[in-house]
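Reader: I have a model open and want to go through it piece by piece. Can you walk me through it?

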Amino acid sequence: MPKTNEIIRIAVDAMGGDNAPDEIIKGAILAAQRKENIEISLVGPIDILEKKWGDLGSPDNLAIRFVNSKDYITESDSPVSVIRNKSESSIAVATKLVRKGEVDAVIGAGYSGAVAVSAIQYVGMLEGMERPAIIASLSSFAHNTLLLDSGANVDCKPHQLLSFGIVGSICAKSLFGIPNPTVALLSTGAESSKGNDAIREAYTLFQNSNLNFIGSVEGSDILGGLANVVICDGYTGNILLKFYESIAGYARIWVKHKLSRHPILKSTVDPIFHKLFPMARKSYESEDEVSGILWGIDGIIRIAHGASYASHINHAIMSARNAVQADIVGSLRSELVKYKTEGKL
Amino acid sequence: MSVEDEMKEIIAGIVHVDKSLLSRTGTFKDMKADSLDIVQAMVAIEDKYDIEIPDEEAQKFQNFGDFVDFVEKRIAEKGNA
């Protein structure tokens, strides 16, 4: 059920991200200052949190509490270390709060793999899902197109790709209002014989599913909107997404360079690009509500960009709040149950 | 149910394979298990038998049989303690 008037409790991994903990704490403060029924739990070693809080002037009357963790994940840790030897790290403690029912959502700007593993281990998967996927909306260029997985899983098994197709289809229906979204596998050619082992095996699974599967598409088909849902492993998806996000920025530079002898025309380039392509700015600031969520987890876990500053964390907190209020996990759970009941999953 | 059968059931549930595919000479690689599957299986087995499987010991396992032997040994040691 959607939660409209309740206080939404959000845990933030204060130690995750390139600019942690300072920018993460500042972002939490920005969100709390909005006084929009949010209660924030900053998770990290308490001594570090208290010192940084003091450095920031110890702002009071904010709905922020500290939750202690003994440790935190560093770039040199493997994702699975959050289960084995870093089970008391800040992201592990934050995700455990979801399972305990103490918070409604978690924000993590640290190592994405570690956030995903924490979510799988300590929150758990929805029935029918084995691995979570991150959905990216390619709406600036490719109208009504979603890409997944855009980074949660480096390697994917064929049946995991199928489950991403189902999640993508459910989301596309809900987001775009399309009754039967087209779904495609991303490959090196349209033929079923193209692609790596996982893609070729997945092709058969997709053909035998009840999804509106249109076959495989190539990279050059994506921006043309050939499919509403484009499925690939997180390794491919993450590379593709980052390339996609860079297109508008570099196109702007290229156009300005070409217009260098026409100062009046050149002066119009920035406003036009900023208006038409929000991603020409720092893309993660303008992410929509579906982006960054680990879809398939039995709770709302939102991955924020590793290079996030305070404003991005503030945005991520608000986005997670909206996701809780809209009960996106409950909606996905209900849809997955229907698929399971109908033997489609 | 023997420890070996219980372990098969746990691992098959985590890796999502038929437990009949697990033999003493089989490996996680044969099951197409990824690193998360392997760690989840180890943690589940540690929890089930209340034992510890150090990473350095786990790295020595050549196949499922080695894994079973190690776990049975640790259970026996615990019983004798």
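**The sheet and what surrounds it**

Author: Strands β1(A) and β2(A) run parallel and are joined by six bridges. Helices (H or I, at least four residues) and strands (E, at least two) are DSSP runs, numbered from the N terminus. Two strands pair if DSSP finds at least two bridges between them.

Reader: What are the conventions, and what kind of model is it?

Author: It is a predicted model, where local features need pLDDT of at least 70 and side-chain atom pairs count only at pLDDT 80 or more, while totals for chains, interfaces and linings use all residues. Residues are numbered from 1 along each chain as its sequence is written, and chains are lettered from A and ligands numbered from 1 in the order in which they are written.

Reader: Which residue is the bridge partner of R9(A) in β2(A)?

Author: E39(A).

Reader: What is the strand order of the open sheet?

Author: β3-β2-β1-β4-β12 in chain A, five strands with parallel pairing. At the edges stand β3 (64-68) and β12, each with a single partner strand, so one side of each has no neighbour in the sheet. On average, neighbouring strands are turned by 25° against each other, direction ignored. Axes here are lines fitted to C-alpha atoms, for helices over the stretch in contact, and angles run from 0 to 180 degrees between N-to-C directions.

Reader: Which helix packs on the sheet?

Author: Helix α4 (residues 112-123) of chain A does, touching β4 and β12, and its direction makes about 175° with that of β12(A). Contact means that the C-beta atoms of two residues, placed from the backbone, lie within 7 Å.

Reader: And how many bridges between β4(A) and β12(A)?

Author: Four, in the parallel sense. A105(A) has I300(A) as its bridge partner in β12(A).

Reader: Which way do the β12(A) residues point?

Author: I300(A) and R302(A) point one way, I301(A) and I303(A) the other, and all are buried. Buried means 20 or more other C-beta atoms within 10 Å of the residue's own, exposed means 12 or fewer, and partly exposed is in between; C-beta atoms are placed from the backbone. In a regular strand the side chains alternate between the two faces of the sheet.

Reader: Next, α10(A). How many residues does it have?

Author: Helix α10 (residues 310-325) has 16, and reaches 23 Å from its first C-alpha to its last, close to the expected 22 Å. The expected span is 1.5 Å times one less than the number of residues. Its buried residues, including I313(A), I317(A) and V324(A), pack against several elements of chain A, among them β1 (8-13), α1 (22-33) and α11 (328-341).

Reader: What comes just after α10(A)?

Author: D327(A), with a positive phi of about 50° although it is not a glycine. D327(A) lies in the loop between α10 and α11 and is partly exposed because 15 other C-beta atoms lie within 10 Å.

Reader: Which peptide bond next to P21(A) is cis?

Author: The one joining A20(A) and P21(A), with omega about -5°. P21(A) is in the loop between β1 and α1 of chain A. The peptide bond from L148(A) to D149(A) is also cis, with omega near 5°.
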